[in-house]
Amino acid sequence: MFKVLQQVQEYAKESLQAAKYIGQGLSVTFDHMKRRPVTVQYPYEKLIPSERYRGRIHYEFDKCISCEVCVRVCPINLPVVDWEFDKKAKKKKLKHYSIDFGVCIFCGNCVEYCPTNCLSMTEEYELASYDRHELNYDNVALGRLPYKVTQDPAVIPLRELGYLPKGVMDPHDLPAGSQRPGKRPEELVESMKSEQE
Amino acid sequence: MNSGIDLQGSFIETLRGFGLSPGLAKTIWLPLPMLLMIIGATVGVLVVVWLERKISAAAQQRIGPEYAGPLGVLQPVADGIKLVFKEDVIPGKSDPWLFTLGPVLVVVPVFLSYLIVPFGQNLNITDLNVGIFLWIALSSIAPIGLLMSGYASNNKYSLLGGLRAAAQSISYEIPLALAVLAIAMMSNSLSTVDIVEQQSGYGILGWNVWRQPVGFIIFWISALAECERLPFDLPEAEEELVAGYQTEYAGMKFALFYLGSYINLVLSALVFAVLYLGGWEFIVPLDHLADWIGVSETTPWLQVLTGSLGIIMTLVKAYFLVFLAILLRWTVPRVRIDQLLDLGWKFLLPVSLANLLLTAALKLAFPVAFGG
Amino acid sequence: MNLAEGVQIVSFGILAVMILTAALGVVLLSNIVHSAFLLAGVFLSISGLYLLLNADFVAAAQILIYVGAVNVLILFAIMLVNKQEDFSKIPGSLFRKVATGVVCLGLFALLGTMVLVTPWALDSTSPAVIENTIIALGEHFFSDFLLPFELASVLLLMAMVGAIILARRDLIPEVSETTDTVTTSLTLPERPRELSSIGNVGENN
């Protein structure tokens, strides 16, 4: 008899605890409603990609020496290098170069290993198309430079969280000249120079 | 007793003033409240859909619909128009008759249940003697429609979703009915108008929440389960069942399901407001206030004022409950099917039975406070 | 004939046609699921008839119990064991059909005579519209219909106890270990569930 009462008591206690936890959860949810939205209103506002952003790959046809290092370091041997040996000049003559961005994983190995720096990463990420074959970029398409978000008049560029001044969470309406915490690369270069002198 | 505006009487009087026979005037009157209720219910759904999207967005620190109309209020309308224009797909090897009938059977009883929701003394379609019981009875038709659409879709997920919906619906109907029964016992009537009348006179202190705190919680949990709202949305759990019984539906038939679920949510909130939060009653008793100022109860402007205040209060209470439901949606994770049935049969059922017993005992002990 | 009477007659006609067609469909259709759904139609139409007879509580209870509970359970049973199977030919099916027809006709004749014999013409004043059917029903339940009412509740209790005994598997003694040589790696041996004491119920919620 006494044991049953104790069991009932424990059960009631557990139920109350569960109710308390649900209440705590509700208060957390309710608290979030007061906070400002953190979303970026995408087609009208865009985040500025960071310096090391790995976007669509840019390629300079004239610098390329057809060494095929990019093909070898690529996890899936993706770049297509179409060259022919020119016997007169005793040199490889590059005819076509293409990368299929429908397959590329943007790991950046090709950019890392390219001996002549003819490959580089851009900040372009809007690669949607109606046909996947349109994503197979040839050397002309690869040579195009993307628009900068900061120069597009139709877009409000927003800084990413790490590039906002200390303590600021909202990228909208920042005062002119506000800087992220820490030193910027050019300031670092300045300080290194002054240390050397 | 019968204070408040009598719209029907005055409408018929006006028409008779134009020289129409009383029978004809009554015939003209009859469809008007029903039409108004259907339109009101649909508009209520649009508002709830908008609120759901906006509040969900706020709870997740998003903005939500913004560009369709001011603050995105036209977004649900845009959704509805899109659904109207979509192709009506009936999957091959399905059962076309049952497939079409399923959504209808889900929506019609919910619309019918609006019969019993009172917005004021005379501001309802009918004041039925069985009022609240009719709501419970009608809401038990919906599982048939869900089973029907689940079976007719010829799809595993649909069938599982339909079976789950039916199981959930019949399990939670019992605690729901028992919680309602405790209220009916206190007000000696099943009529929604009587239930509100019984809570009136003391403002916020007279509401049933204070007399039925346990029933309040049981009713809310069961109502959420009946509406398949998020802690209990197993029948359409997208992570496991794609979309449950709605998987194969598109276009207008899907829209019917969508409409049905949201009307059901609004309806549950309205009934909840009627049962526990004093229906159309204001926070302070208005009759006493009017007496105190020295205005007669039959003054036209006072009647219009109390009538519109009644509608506003009912809606405010209902939408507050909808708000709570949306908050709960983003707070509580979905339960498993065995947890759901455990909660229904092993927790809510005994607790609601104990609540009923306690209410009966209190009614015998303190007939003044608990309805003699 | 005023508006209310006209509406009553028309709706009675519609309901009668609905009941008859749906009931015939329940019996005659070969698809058992269609039959079950049509049964719900029959129950709904009957509740409409109750409404026409001013029995609002009975109508609502009819929907709640027959449509919401009985029919859903029937559908559950059908859908959980739904195995597409053709009817096998039974020898002497003609004789069986004739016998069934005779039995049905006999029942129909019995009901028909009952309908014809019963004096339906009620005194126009006596079926006074009962103000609150629920109170009247309750009074009948606890006075002249007390015994059937209590018997029905005992019957339901027995059914419930029986269902619980069937559903609780822990009363069945543990199966001896010799039988589980048949179980393959793909099937889980079904073990009786351990006795759940009241204490750990709380963990389930």
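Visitor: What is the accessible surface of chain C, and which share belongs to carbon and sulfur atoms?
Guide: In this predicted model, the accessible surface of chain C comes to about 16,000 Å², with 73% on carbon and sulfur atoms. Chain C has 205 residues, of which 17% are buried. Seven helices and zero strands are found in chain C.

Visitor: How many residues of chain B and of chain C take part in the contact?
Guide: Chain B gives 30 residues and chain C gives 28. Between them the two chains bury about 2,500 Å², 76% of it on carbon and sulfur atoms. On the side of chain B that touches chain C, α6 (131–139), α7 (142–152), α8 (156–187) and α16 (337–365) of chain B each supply at least two residues. The most comes from α8(B), with six residues.

Visitor: Why is the pair K46(A) and E126(A) called a salt bridge?
Guide: The rule asks for a side-chain nitrogen of Lys or Arg within 4 Å of a carboxyl oxygen of Asp or Glu. The closest N and O atoms of K46(A) and E126(A) are 2.9 Å apart, so the pair qualifies. K46(A) lies in strand β1 (residues 45–47) and E126(A) in the loop between β5 (119–121) and β6 (136–138) of chain A, so the bridge ties together parts 80 residues apart in sequence.

Visitor: What makes K46(A) buried or exposed?
Guide: Buried means under 20% relative accessible area. K46(A) has 13%, so K46(A) is buried. E126(A), at 38%, is partly exposed, because that class lies between 20% and 50%.

Visitor: How do you know that R56(A) and E124(A) meet in a salt bridge?
Guide: Their N to O distance is 2.9 Å, and the cut-off is 4 Å, so the pair counts. R56(A) is in the loop between β1 and β2 (57–59) and E124(A) in the loop between β5 and β6 of chain A, so parts 68 residues apart in sequence are tied together. R56(A) is buried, at 2% relative accessibility.

Visitor: Why does the pair E60(A) and K63(A) count as a salt bridge?
Guide: At 3.8 Å, N to O, the pair is within 4 Å and therefore counts. E60(A) is partly exposed at 34%, and K63(A) is partly exposed at 38%.

Key:
Residues numbered from 1 in each chain as written. Chains lettered and ligands numbered in written order. Predicted model: local features only at pLDDT ≥ 70, side-chain atom pairs only at ≥ 80, totals over all residues. Heavy atoms only, no water. Contact = heavy atoms within 4.5 Å. Buried area = accessible area lost by both parts, 1.4 Å probe. Helix = DSSP H or I, 4+ residues; strand = E, 2+ residues; numbered from the N terminus. Buried < 20%, exposed > 50% of the residue type's maximum accessible area, 1.4 Å probe, protein only. Areas by Shrake-Rupley, 256 points an atom, 1.4 Å probe, with all protein chains shown as cover.
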